[in-house]
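Dear colleague,

Please find below the structure that I am handing over to you.

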Amino acid sequence: MSVEPAVATDRGAQRPPVDWARARNQVYAAGQADALVPVELPLPEADGLTLAEPLTTLTDLPAFPTSSVDGWAVRGTGPWRVVGRVLAGGTPPPLPENGTAVEIATGAMLPDGADEVLRIEESTRTDDGRVAGTPRTTPEWRSPGEEAYAGEELLPAGTPVGPGVIGLAASCGYDQLRVRPAPRAALLVFGDELLTAGPPQAGQVRDALGPAVPAWLRRYGARVDPADVIGPVADTLSAHVAALRTALAGADLVCTTGGTMHGPVDHLHPALAELGADYVVNTVAVRPGFPMLLARVTGPDGRNRYVAGLPGNPQSAIVALVSLVAPLLAGLQGRPMPLLPYVTLGEPVAGRGNYTHLALVRVDPVLGTARPVRHVGSAMLRGLAQADGFAVIEPGGTGETGARVPLVPLPLLPSVGS
Ligand SMILES: Nc1nc2c(c(=O)[nH]1)N[C@H]1C(S)=C(S)[C@@H](COP(=O)(O)OP(=O)(O)OC[C@H]3O[C@@H](n4cnc5c(N)ncnc54)[C@H](O)[C@@H]3O)O[C@H]1N2
Ligand code: MOO
């Protein structure tokens, strides 16, 4: 999907809000176009990052015929004369002739000439010390290439690296992986009314986003250093511009909270104009959260950085994260566009006219039915804190009971979602 840049002006280049699904595609495409330069890292350091190229095995798997039991590798018919022993890690001598056997351990290499492997517990000894028994008819060893052939592609580029991938990469011979690094993100919290400690006071609310947004960003694969969380930034244009400039110097993505509208102290759009930013998306036809935006700033090195403007209302800020920031981060990491699973509505959910409605729901993990939660005002976080995701009600529609609708999952645990 093409991205239509619009240069930031101090009025925010007012256009009709972009359709929600289209906005997701536009920000993903922008991220993909600016996917981070791959690096080579030792396997343990690749955890949580993304394969920059397909994982192809460097050897056959297994690389040699491998006994899968403890027992006897035998040649010809028994009883068999024992001519040696091979343990895992050793290289066995060949079996010289019919009627000979080598004692073999699980994981050891099968000797040349072996026809079968007899399990230790299914063997007996004859009086003259030979081994007797009937090997099973199914092979008791693994053949080279049974799992994969040398050069075979096991995983595509874009696969998130987790423990399973690290183990597989090690078993097929890798010491390092070529991965796309975690995008570096910073957060600027705007709003003179915000307190950073203690309970709210008359006219002042507690900053709910400074502590929460970095944790969300990390769950979408970004790296956020505590020193890169700044705020509240003073409600002046010059302070906004200065804070954005500093943050953009070190980050691939700067998230801001608040100031997306056009109130007397909303300075985000004018600040973006001063930085020469262009909009990837400026307002989205979604409720809640429509003033969200994503802008692009080209750095002195020619590389693009991004500014995600999250609305100040806390639930709206999270809607912007899941709508714009998650697809952008997927693109920057070279991952596929996050797919949305489907759920069945267990109760009706109202539509929001021409806007997409993202409605907080709990999902019954067994039945797969989604039911709306309460306390879901855009200024509230109570509903969000107990929800499993947002049910997506399309523009112009309503969510009837029994309807199958997409779900934007909330990544509640580090290992869930991407
Ligand atoms: N005239 C209009 N006013 C507003 C409209 C509108 O269409 N016309 N839309 C409303 C909607 S919807 C939203 S969302 C907000 C977005 O406003 P901003 O992004 O400019 O955010 P602020 O004005 O700075 O703050 C809004 C609200 O959120 C509280 N807030 C801000 N930051 C935090 C934080 N870190 N933690 C907790 N709460 C925060 C702030 O105190 C305000 O109550 O605009 C509406 N207005
Ligand atoms: O859309 Mo605002 O973003 O409802 O709170």
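**Helix packing around H6**

In this predicted model, helix H1 passes helix H6 in a right-handed crossing. H1 covers residues 20-33 and H6 covers residues 314-332; their axes come within 7 Å and cross at roughly 30°. Since angles under 35 degrees count as roughly parallel, H1 is therefore roughly parallel to H6. On the H1 side, the residues in this contact are Trp 20, Ala 23, Arg 24, Val 27, Tyr 28, Ala 29, Ala 30, Gly 31 and Gln 32. On the H6 side, they are Ser 323, Leu 324, Pro 327, Leu 328, Leu 329, Ala 330, Gly 331 and Leu 332. By class, the contact of H1 with H6 holds 12 nonpolar, 4 polar and 1 charged residues.

H6 also meets helix H3, which spans residues 209-219; the axes of H3 and H6 come within 11 Å and cross at roughly 20°. That angle makes H3 roughly parallel to H6. The crossing of H3 past H6 is right-handed. Here Leu 209, Val 213 and Trp 216 of H3 are in contact with Pro 314, Ala 317, Ile 318 and Leu 321 of H6. Which classes of residue make up the contact of H3 with H6? There are 7 nonpolar residues, no polar and no charged.

**Domains**

The domain assignment divides the protein chain as follows:

- Domain 1 consists of 6-37 + 182-332.
- Domain 2 consists of 43-60 + 146-180.
- Domain 3 consists of 66-142.
- Domain 4 consists of 342-409.

Taken over C-alpha atoms, the centres of domain 2 and domain 4 are separated by 37 Å.

**Ligand surroundings**

How many residues surround ligand 1? There are 23, and the closest of them are Gly 258, Thr 260, Met 261, Pro 311 and Gly 312. The shell around ligand 1 comprises 10 nonpolar, 10 polar and 3 charged residues.

Around ligand 2 are found Arg 287, Pro 288, Gly 289, Phe 290, Pro 291, Pro 311, Asn 313, Ser 316 and Ser 378. This shell divides into 4 nonpolar, 4 polar and 1 charged residues.

**Backbone features**

Most residues other than glycine have a negative phi, and most peptide bonds are trans.

Arg 287 and Pro 288 are joined by a cis peptide bond, with omega about -10°. Pro 288 lies in the loop between strand S22 (284-287) and strand S23 (293-298).

Pro 62 is placed in the loop between strand S5 (55-56) and strand S6 (66-67).

Finally, Thr 283 is not a glycine, yet its phi is positive, at about 75°. Thr 283 belongs to the loop between strand S21 (278-282) and S22.

Yours sincerely

Definitions and conventions: Residues are numbered from 1 along each chain as its sequence is written. Chains are lettered from A and ligands numbered from 1 in the order in which they are written. This is a predicted model: local features need pLDDT of at least 70, side-chain atom pairs count only at pLDDT 80 or more; totals for chains, interfaces and linings use all residues. A residue is near a molecule or strand if its C-beta atom, placed from the backbone, lies within 6 Å of it. Ala, Val, Leu, Ile, Met, Phe, Trp, Tyr, Cys and Pro count as nonpolar, Asp, Glu, Lys and Arg as charged, and the others, Gly among them, as polar. Axes are lines fitted to C-alpha atoms, for helices over the stretch in contact, and angles run from 0 to 180 degrees between N-to-C directions. Helices (H or I, at least four residues) and strands (E, at least two) are DSSP runs, numbered from the N terminus. Angles under 35 degrees count as roughly parallel, over 145 as roughly antiparallel, 65 to 115 as roughly perpendicular and the rest as oblique. A crossing is left-handed if the near helix is turned anticlockwise from the far one by less than a right angle, and right-handed if clockwise. Two residues are in contact if their C-beta atoms, placed from the backbone, lie within 7 Å. Domain bounds come from an automatic or database domain assignment.
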